[in-house]
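Me: Can you go through some side-chain pairs and a helix packing with me? I'll ask as I go.

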Protein chains: 2
Amino acid sequence: MSHATGVVGEEGVKIPSLRDVARAAGVSVSTASRVLSGSSHPVSEPTRRRVLEAAERLGFEPNRLARALATARSRTIGVVVHDVSDPYYAEIVRGLEDAAGSRDHALFVSSSDRDVDKELAVLRAFVANQVDAIVLVASAIDDPRYLAEASAILDRFRALGGVVMTMSEHGYAAPRLGYENRAGTRLVVTHLLDLGHRRIGYIAGPPDLLVTRVRQRGYEEAMTELGLGVDPELVVTGDFTIEGGARAAERLLRAEPTAIVAANDMMAIGAIRHLLDVGKRVPGDVSVAGFDDIEFAAYAAVPLTTVHVPLGELGQLGGRLVLDLLDGNPPEEWPRIDARLVVRESTSAPPT
Amino acid sequence: MSHATGVVGEEGVKIPSLRDVARAAGVSVSTASRVLSGSSHPVSEPTRRRVLEAAERLGFEPNRLARALATARSRTIGVVVHDVSDPYYAEIVRGLEDAAGSRDHALFVSSSDRDVDKELAVLRAFVANQVDAIVLVASAIDDPRYLAEASAILDRFRALGGVVMTMSEHGYAAPRLGYENRAGTRLVVTHLLDLGHRRIGYIAGPPDLLVTRVRQRGYEEAMTELGLGVDPELVVTGDFTIEGGARAAERLLRAEPTAIVAANDMMAIGAIRHLLDVGKRVPGDVSVAGFDDIEFAAYAAVPLTTVHVPLGELGQLGGRLVLDLLDGNPPEEWPRIDARLVVRESTSAPPT
DNA sequence: CTGTTAGCGCCTTCAG
DNA sequence: CTGAAGGCGCTAACAG
């Protein structure tokens with residue numbers, strides 16, 4: 001087979017290259033490049049017209065790979081999440097996409113299932129694909145090897161001019177666009193405390209995630225400050241999924257809580273389902289609250305009280321920040337996103 | 001500034017290139033390439049070792065862009081959806097990602113908001129980024145200009161060796177991995193008919209989508225076959241969102257249906273919410289059914305009866321098919337996915 | 001089995 | 001203002 005000519009079948013179809021445009025316009029490739037790449041190098045008006053016209057006529061579209069190879073800028077961003085099908089990530093990714101798309105960048109998206117090796121592989125793949133920036137939406141995996149290897153990859157990447165941004169709890173030191181996980185959790189717990197609850201159960205996230213620790217600390221702090229202390233029986237581990245939340249609620253029930261706080265909405269939704277299934281009323285018998293305020297929170301079996309995080313906007317803002325960083329325009333002051341409580345129908349005073 | 005050398009600061013950091021490896025191993029670049037790219041060209045065992053060892057030591061990782069430029073294969077796939085934050089798409093994308101990742105391909109994901117220009121822009125961007133395949137998960141926009149321009153872009157793309165696959169109703173002729181939208185809808189409608197409903201309302205999808213027409217036809221056919229015919233008052237237009245479903249339900253209520261079928265789960269969930277909000281019981285007063293069986297369908301205010309589509313598997317299967325196509329291994333027989341009814345708690349006999 | 005050469009498509013000095 | 005030349009990192013004939 002011939003060299004990579006893009007020729008297929010008998011047609012000899014080929015995407016027009018800069019050379020074709022140059023030839024058609026009767027100028028050199030350099031000149032064509034200058035007008036088509038928006039270079040600041042001066043080009044006479046007539047020539048520019050001819051080139052533009054030829055490009056238009058041929059339907060020329062610059063090859064991004066070639067351009068990237070030559071300029072060391074691919075206009076591409078890699079996004080790491082734990083699972084795109086999780087609404088939390090999906091909503092953030094959507095925001096990132098909007099920002100990136102509006103400024104002519106494309107997004108690579110990869111789910112790591114919070115598996116150390118997968119996540120490292122994803123990072124390496126992003127680097128190999130020469131992305132301009134890497135956005136770690138996924139919270140760091142709480143594993144020394146992960147942090148060590150990820151740091152090595154990311155440090156190298158940055159030394160080369162790459163931009164790294166984190167959007168959740170992460171041990172890696174990089175610009176971070178985050179909201180307050182701990183404060184947010186304290187918000188819900190305090191809300192429940194104010195309603196009069198004393199036996200407040202907590203469904204934690206997966207133990208191998210940094211964000212799990214931070215959110216849990218919010219719960220512990222709030223409980224301790226009120227002099228209630230942390231009853232180990234009232235804390236169970238979940239996995240951020242609906243199913244996991246349901247199972248966790250089942251275990252938690254043995255400790256007879258009057259309220260349950262889940263580390264995310266998915267688990268809260270699962271918990272509500274389980275409670276309802278075993279004949280408990282929510283919030284009549286037990287209140288339930290979540291964290292994130294994914295779109296479905298408001299449409300769960302019982303509309304969920306939760307900590308609102310503007311996921312979509314967070315993504316958009318994150319995207320804009322990354323692009324600004326890439327353009328060498330760091331924002332004067334780094335934005336702060338505050339989490340706020342949204343009280344819906346899943347929480348009320350404890351049964352008397 | 002110097003040429004694109006990847007040099008930053010004083011360090012002169014640079015990602016090791018094949019040349020560096022070759023030099024370190026004392027061989028020519030071609031030899032290094034041969035062992036590192038898994039070429040079939042013979043290389044002596046000792047040399048191979050030396051190259052491998054040098055690559056390992058330097059932490060060499062081939063530059064995908066360069067490789068892609070040289071081979072005309074980027075190991076990259078472009079995925080077009082209407083909105084990644086919509087669970088329907090998110091779940092499919094997740095499946096595609098799994099398949100792609102497991103075979104060393106990366107995914108570009110873009111949401112078009114079913115906007116003609118955005119969608120065309122996305123397609124062009126994919127081509128410019130030299131993706132190997134384009135997967136149209138999004139149903140076609142029902143607009144002649146869209147179809148014409150999209151076809152032009154895709155035809156060119158394919159003439160160059162690109163693979164195109166559709167995963168929903170699409171006017172563009174390409175391999176399609178789909179399920180039966182019409183049959184699926186007939187399934188739910190028939191289910192309701194069997195329960196004794198006669199005034200069955202329908203919340204259609206956005207009018208500018210092909211899939212909307214197809215699903216709606218399923219409703220119309222089922223209604224007509226039973227001699228009920230289609231009462232225009234019983235059909236309203238939605239937009240595939242929860243909010244839209246709620247609003248549509250409100251309008252639909254004027255026609256006093258005993259059951260409502262929504263063209264997707266999101267709208268069904270919104271409809272249920274609205275019904276409950278205005279004091280109707282579901283399914284006591286009115287039954288509601290959806291389509292897709294997104295994860296949340298089972299956790300809605302009233303667990304939703306719907307048409308199950310194995311979204312995640314669909315994505316995985318689709319990913320595998322595309323990769324096979326790319327490898328020149330078209331499957332002997334094209335898989336068929338059947339939609340099936342899942343009866344949960346949102347449907348029952350009409351009130352007497 | 002190994003090296004040399006050319007080229008993928010584009011950008012960017014450097015002359016003119 | 002324009003063009004020629006070299007290079008980004010890698011692969012693929014083509015000799016030897």
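Me: Is A:Asp113 buried or exposed, or in between?

Reply: In between: A:Asp113 has a relative accessible area of 36%, so A:Asp113 is partly exposed. Buried means under 20% relative accessible area, exposed over 50%, and partly exposed lies in between, with a 1.4 Å probe and protein chains only. This is a predicted model, where local features need pLDDT of at least 70 and side-chain atom pairs count only at pLDDT 80 or more, while totals for chains, interfaces and linings use all residues. Side-chain values use heavy atoms, without hydrogens and water, and residues are numbered from 1 along each chain as its sequence is written.

Me: What does the side chain of A:Asp113 meet?

Reply: A:Lys118, in a salt bridge at 2.9 Å, N to O. The term means a side-chain nitrogen of Lys or Arg within 4 Å of a carboxyl oxygen of Asp or Glu. A:Lys118 counts as partly exposed because its relative accessibility is 37%.

Me: How many salt bridges over all chains?

Reply: The count comes to 57.

Me: Which residue does A:Asp292 meet in a salt bridge?

Reply: A:Arg215, at 3.1 Å, N to O. The pair links distant parts of the chain, 77 residues apart: A:Asp292 is in the loop between strand S8 (287-289) and strand S9 (306-308) of chain A, and A:Arg215 is in helix H9 (residues 210-225) of chain A. Helices (H or I, at least four residues) and strands (E, at least two) are DSSP runs, numbered from the N terminus.

Me: Are those two buried or exposed?

Reply: Both A:Asp292 and A:Arg215 are buried.

Me: And what about A:Asp239 and A:Arg247?

Reply: Their side chains form a salt bridge at 3.7 Å, N to O. A:Asp239 is partly exposed at 21%, and A:Arg247 is partly exposed at 43%.

Me: Changing topic. At what angle do H5(A) and H12(A) pack?

Reply: About 40 degrees, with the axes of helix H5 (residues 87-102) and helix H12 (residues 311-326) of chain A 7 Å apart. Axes are lines fitted to C-alpha atoms, for helices over the stretch in contact, and angles run from 0 to 180 degrees between N-to-C directions.

Me: What is H5(A) to H12(A), then, oblique or roughly parallel?

Reply: Oblique, because of that angle. Under 35 degrees counts as roughly parallel, over 145 as roughly antiparallel, 65 to 115 as roughly perpendicular, and the rest as oblique.

Me: Which residues of H5(A) meet H12(A)?

Reply: Among them are A:Tyr88, A:Ile92 and A:Leu96 in H5(A), and the residues they and others meet in H12(A) include A:Leu311 and A:Leu323. Contact means heavy atoms within 4.5 Å.

Note on methods:
Chains are lettered from A and ligands numbered from 1 in the order in which they are written.
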